Amino acid sequence: MALQVSLSSSLMLSTPSSGGSSRSVSQSVVVADHLKFSTGGQRISKVFKSVSLRNSENRRGARVFTVKSSLDIASPVVGQVTEVDKDTFWPLVKGATAEDKIVVLDMYTQWCGPCKVMAPKFAKLAEKYLDVVFMKLDCNNDNRPLAKELGIKVVPTFKIFKNNEVVKEVTGAKFDDLVKYIEDFK
């Protein structure tokens with residue numbers, strides 16, 4: 001799994017091109033045990049056991065950071081929403097339910113209006129219920145196999161897991177129902 005981030009044009013390095021090839025500027029180093037980033041005004045974390053950062057220049061002289069992580073997943077960050085994908089979801093669910101915690105999964109898409117309305121409310125629930133693990137899954141093309149496996153038909157869909165099994169599902173932006181079911185199963 002690799003994430004490539006290009007800095008904005010105002011931060012591009014203006015050095016002469018070195019024959020059109022990329023050159024490495026610094027070595028790979030472990031930078032964190034989890035990454036925090038913002039999307040749409042909300043805080044999300046992806047959790048990894050090891051993360052390395054490689055700083056280089058592309059052909060146009062723009063600074064490029066390549067972040068590589070191991071798929072040996074650590075545990076989700078309590079009090080925050082953890083972004084998951086098809087590779088990280090089941091290991092995190094199994095780890096959380098092994099600790100007798102329930103998992104609440106928000107399945108959303110980037111273009112969904114009700115998903116955008118529910119996202120900040122979901123983040124507030126993560127801060128409130130510290131004994132519950134909150135995760136988000138973007139139901140994009142990359143994660144389609146997992147979304148299909150979980151039987152998603154509508155976004156947003158919230159699934160509550162206990163002992164690695166779905167115990168309740170809430171479809172649509174029904175915040176009060178979601179809170180009620182979290183309370184029932186925790």
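Colleague: Is Trp90 buried, exposed or partly exposed?

Modeller: Partly exposed, at 22% relative accessibility. Buried means under 20% relative accessible area, exposed over 50%, and partly exposed in between, using a 1.4 Å probe and protein chains only.

Colleague: Which ring does Trp90 pair with in strand β11?

Modeller: Phe161, and the pair is edge-to-face because the centres are 5.9 Å apart and the planes are at 90°. Trp90 sits in helix α1 (residues 89–98) and Phe161 in strand β11 (residues 157–162), so distant parts of the chain are linked, 71 residues apart. Helices (H or I, at least four residues) and strands (E, at least two) are DSSP runs numbered from the N terminus.

Colleague: What counts as a pair?

Modeller: Phe, Tyr and Trp rings (for Trp, the six-membered one) with centres within 6.5 Å. Planes under 30 degrees apart are stacked, over 60 edge-to-face, the rest tilted.

Colleague: How many aromatic pairs are there?

Modeller: Five. One of them is Phe89 with Trp90, edge-to-face at 4.9 Å centre to centre and 65° between the planes. Phe89, Trp90 and Phe161 make one aromatic cluster.

Colleague: Are Phe89 and Phe161 buried or exposed?

Modeller: Phe89 is buried at 0%, and Phe161 is buried at 1%.

Colleague: New topic. Which charge sits over Tyr108?

Modeller: Lys136, 4.4 Å from the ring centre. The rule wants NZ of Lys or CZ of Arg within 6 Å of the ring centre and within 35 degrees of the ring normal. Lys168 lies over the face of Tyr181, at 4.6 Å.

Colleague: What should I know about the model?

Modeller: This is a predicted model: local features need pLDDT of at least 70, side-chain atom pairs need 80 or more, and totals for chains, interfaces and linings use all residues. Residues count from 1 along each chain as its sequence is written, and side-chain values use heavy atoms, leaving out hydrogens and water.
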